[in-house]
Structure formats: C-alpha cells, structure tokens
Amino acid sequence: MQSVRTHAWRPVFRLHDWGCAMIWYENLYIGDSIPRKEGKIRRIKWKIEHHAGQWNIYVIALCRYGTNLLEIIPARELLQKYYPRQSLYIVGLAKGYDEALETAARIIIDVYQHTGGFSVRHYIKKGMDKPQKAGDGA
C-alpha cells in the first residue's frame, strides 16, 4: 500500500493490491449520525479500505462517469474485490441513504454558494474553501 499527498486539497492516496485507488478528501463532509470523533471516522475509513462490513454507511464520491456531480455508493458494495476499477475520490460519509442524500445536497449547496456554479470536482480539487467542519451549523 502506498501513501502520497499532493495538490492543494491534500488527498490521501491508497493503492490496494488489486489496483483500486481510494482518495479521501482531507476535510470529509460527514453526515449528522456519524460521531464527529476523529477516531471513529478513521475507523470507518479503515474498515472500508480493508473490506470489513459497513452495512449502513454510504460513501459520497466525485462521479467517475459522464457529467453527473456525485455518486452515492453503499460501503457494502466496496466489499467486492474488483469494485471499482477506477479511482474513487471520496468526499463524504453518511449513515443511511437519506442522510447520504442530505450530505450530497450540502456539498452541492456549498459549491454553489462559493462559486455560483455546480462544478463540484473543480471546487474540491482546487480547494477553494474548506468544507464545513464537524459541529458547524448547516
């Protein structure tokens, strides 16, 4: 496993044995039901990366296909050895699908408020502003 930090938004890059890369946004958007403790978030990320069951956790990633903005992926789908074959840029975590929708909406609203547009990928990669920190009002 390799770990590299690059760009202004400082992703954490991990290349797994089967060629799948997960890049975690350093300032993840976190759903309200997930405890804001760094250790808890680190544990969820570790379980996702090491194929441990996370049955009610959803990852929010930059869309890999077409012109869509974000993908909401159940963490249980990431248990499949060959899913996904391309890199995943994970920008958020949520507990439950409804919360994942709310978190994705919060990301898009933040992008619109800061840029006047909907280019989520550009906003995240350029690090125009840090996402809302845990405990801040929504």
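1. Let's start with a term: a residue is buried if its relative accessible area is under 20%, exposed if over 50%, and partly exposed in between, using a 1.4 Å probe and protein chains only. By that rule Y58, at 10% relative accessibility, counts as buried.

2. Some ground rules. This is a predicted model, in which local features need pLDDT of at least 70 and side-chain atom pairs count only at pLDDT 80 or more, while totals for chains, interfaces and linings use all residues. Residues are numbered from 1 along each chain as its sequence is written, and side-chain values use heavy atoms, with hydrogens and water left out.

3. How confident is the predictor? The score is pLDDT, given for each residue from 0 to 100. Its average over the chain is 78, and 73% of the residues score at least 70. Residues 1-11 stay under 50, and the model gives them 27 contacts (heavy atoms within 4.5 Å) beyond four places in sequence. Residues 131-138 are also below 50, with twelve contacts beyond near neighbours in sequence.

4. Now the rings. Rings of Phe, Tyr and Trp (its six-membered ring) pair if their centres lie within 6.5 Å; planes under 30 degrees apart count as stacked, over 60 as edge-to-face and the rest as tilted. The structure has two such pairs. Y58 and Y97 make an edge-to-face one, 5.8 Å centre to centre with 65° between the planes. Y58 sits in strand β4 (residues 57-62) and Y97 in helix α2, so this pair ties together parts 39 residues apart in sequence. (Helices, H or I of at least four residues, and strands, E of at least two, are DSSP runs numbered from the N terminus.) Y97 is partly exposed, at 44% relative accessibility.

5. What about Y112 and F118? Their ring centres are 5.1 Å apart and their planes at 20°, so this pair is stacked. Y112 is partly exposed at 44%, and F118 is partly exposed too, at 47%.

6. Leaving aside neighbours within four places in sequence, I108 touches L69, L70, F118 and V120. I108 and L69 are 39 residues apart in sequence, yet 8.3 Å apart in space, C-alpha to C-alpha. With 22% relative accessibility, I108 counts as partly exposed.

Conventions:
pLDDT = per-residue confidence, 0-100.
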